[in-house]
Amino acid sequence: MIFKPRLKDLKTIGFYLGKIILGLAFTMALPILIGLCFGELNPVLDFVLSILISLVLGFLLIIFCRTEEDLNWVQGMIVVSTSWIIAMILGAIPLYLSGHWKSFLDACFDAMSGFATTGLTLVQNLDHISYAHNFWRHLIMFLGGQGIIVIALSFFVRGFSGAFKMYVGEGRDERIMPNVINTARFIWMVSIVYLILGTLALGITGIFNGMQPANSFFHGACIFMAAFDTGGFAPQSQNILYYHSIIYEIITIVIMVLGALNFKLHYHLWSGNRKEIFKNIEVVTLCVTILTTFFIVAVGLAQLGSYPNALVLFRKGFYQLISGHTGTGFQTIYPQQFLDSWNPLALCGVIIAMALGGAVCSTTGAIKMLRIGIILKAFKEDLKRIIMPDKAIVIEKFHHIKEIFLEDKLIRSALTITLAYFVLYGLGTLVGMFYGYPFLEALFESTSAAANVGLSCGITSITMPAGLKITYIIQMWAGRLEFMSVFAIIGFLVAVIKGK
Amino acid sequence: MKNKFKFIFLLILFFGQRLVLAQNLNSDDLIKQARQYDGQVVTYSGEVIGDVMRRGEFAWVNINDGNNAIGVWIKTGLTKEINITGNYKAQGDFLEITGVFYRACLKHGGDLDIHAQTLHKISSGKIIEHKLDFVKLEVSFILLGALFLIWILSLFKRK
């Protein structure tokens, strides 16, 4: 029998949602500072309005839903999934007010794309957008990459046992520190240290490339946030092509790869355990899949003769590939070139890379390397069982921070999530085909949205049907939260309707 | 006179294709039909956006025609004509560029770009004045009032 949620449950959910909304409201103060620095009054007003709306909503929820109750698992999951939808709506308000988005749906699309670190965009006339709005586009990637819940846990929520439930609900199930709030703070510390270093590196490169110093450091910070959080937005409409710089491309590759690594691995590397990087199953799997998918891309590009020599082929092919594999979505080619200059084989290489993703407990989306590694190990174990005598005991282990025995429970979990991602990729492809797009293009864009990548072959545009925009929003949301929270909210809605 | 015609005929015969293609093309044409225009002299016009990135004797200028922006590799001397570049506060100079279009430029790591030969400023850019939006200001004050009421409500609730 399904129980109908009680008012007490709704109040508990509402109370914690209110706290998260307040956290989000405070983050909007940063673009206001940027706007004031650059003397942009109307953009500042857009953010003042958005903050006030968020504060009103947040305080109302806190006042009317005040509770001393802690969250249970289902409530924690629902808080997470709902807070992402609310964040999308509130985050879209300043974007829409800027006038650079055709409709509120388009602004919501970009807000979800930002928070989910996807990078697909429907912005118009990006080259004339204000610094404040541009900064917000990148900041929401930074916030979403660490996790909206991680922000709340780090700064606005004092220790309570429901914290871990919300943390898990956001697609993270690894504790770096024994305490989940310290884990959240560590994630922030790593990100901010890299933010400073990355911004400096990109800013200085920008100056050497001929950019104005203020603009160069602004771009550096934005590009860092989009790269480390494997987002893919860029301050200018040409994305990374704007900079015309190989150094810029190399730095962004390094940042993208850093963003695709597990925060737990960062912790061990920072603690001096550098050998971990050579043994870790995720790093090994990532290297293997990068090499394999790049081989596919390179063969495809060579077949078509798209690029004049091997070096150019490597530069263009590897950049889009690594950008797709890490789930970033930076491009050094125009979206249409994927269709004109890349053949189906090369596109398939990128699609596979996008579908696989980076490490768990990182800022990437998609299936992720730990699961791929576990599935490959399971295949190996089964092959061994077939080859070896019946009496032989086959035990498979893998190294992920420590030696872990490959148990059926782990394999089942990895396969379930992998299957869920395949279903999500497939559903988006079907919707794309329903709207008349060819299979490969629909698959490319659907995988990019669901895996939170952001590479586009041209489907994502303001003229795209509203139904497809909503489909991609749902894909980005479900893909980022890794299904658990999404299933929980579906179950909750069923309970509201059918429960007794 | 006869020799003049002969000369013009020969000119058309040898450079005909190039002369025909040096028509004003938009970025969509160039990107979608990149193979067709690869290595050809084209004319492209649009607004200068972002930074003029000087790299020694040459510079990168990104020109947006309203659909896409394309990178133009241009002699630094020619960039002196550029006074205003497009951003939130300014409409950049509107330029017409004639140069060789490359689908995957060997010199620039495979970028799709144009190596400019000539630059002609069609119109000068201008500073955009953004007037304060009083409607937004009024709504902000209303919301501020609402927030104040909520604060009072919270005080009553606590009591």
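Two strands pair if DSSP finds at least two bridges between them. This is a predicted model, where local features need pLDDT of at least 70, side-chain atom pairs count only at pLDDT 80 or more, and totals for chains, interfaces and linings use all residues. Residues are numbered from 1 along each chain as its sequence is written, with chains lettered from A and ligands numbered from 1 in the order in which they are written.

**View 1. Hairpin of strands 1 and 2 of chain A.** Strand 1 (residues 397–400) and strand 2 (residues 402–405) of chain A run antiparallel, joined by four bridges. Strands (E, at least two residues) and helices (H or I, at least four) are DSSP runs, numbered from the N terminus. His399(A) has Glu403(A) of strand 2 as its bridge partner. One residue lies between the strands, and Ile401(A) takes a positive phi near 70°.

**View 2. Helix 14 against helix 17 in chain A.** The axes of helix 14 (residues 281–304) and helix 17 (residues 344–356) come within 7 Å and cross at roughly 160°. Axes are lines fitted to C-alpha atoms, for helices over the stretch in contact; angles run from 0 to 180 degrees between N-to-C directions. The two helices are therefore roughly antiparallel (angles over 145 degrees; under 35 is roughly parallel, 65 to 115 roughly perpendicular, the rest oblique). Their crossing is left-handed, that is, the near helix is turned anticlockwise from the far one by less than a right angle. Contact requires C-beta atoms, placed from the backbone, within 7 Å. The contact residues divide into eleven nonpolar, five polar and no charged. Ala, Val, Leu, Ile, Met, Phe, Trp, Tyr, Cys and Pro count as nonpolar, Asp, Glu, Lys and Arg as charged, and the others, Gly among them, as polar.

**View 3. Helix 6 against helix 10 in chain A.** Here the axes of helix 6 (residues 131–146) and helix 10 (residues 213–228) come within 8 Å and cross at roughly 30°. That makes the pair roughly parallel. This crossing is left-handed. Phe218(A), Cys222(A), Met225(A) and Ala226(A) of helix 10 meet residues of helix 6, among them Tyr131(A), Phe135(A) and Phe142(A). Nine of the contact residues are nonpolar, two polar and none charged.

**View 4. Chain B where chain B touches chain A.** Contacts link 41 residues of chain B with 41 residues of chain A. Elements giving two or more residues to the chain B side include helix 2 (27–32), strand 2 (41–55) and helix 4 (134–158) of chain B. Helix 4 supplies the largest share, twelve residues. By class, this side has 20 nonpolar, 13 polar and eight charged residues.

Conventions: Contact = placed C-beta atoms within 7 Å.
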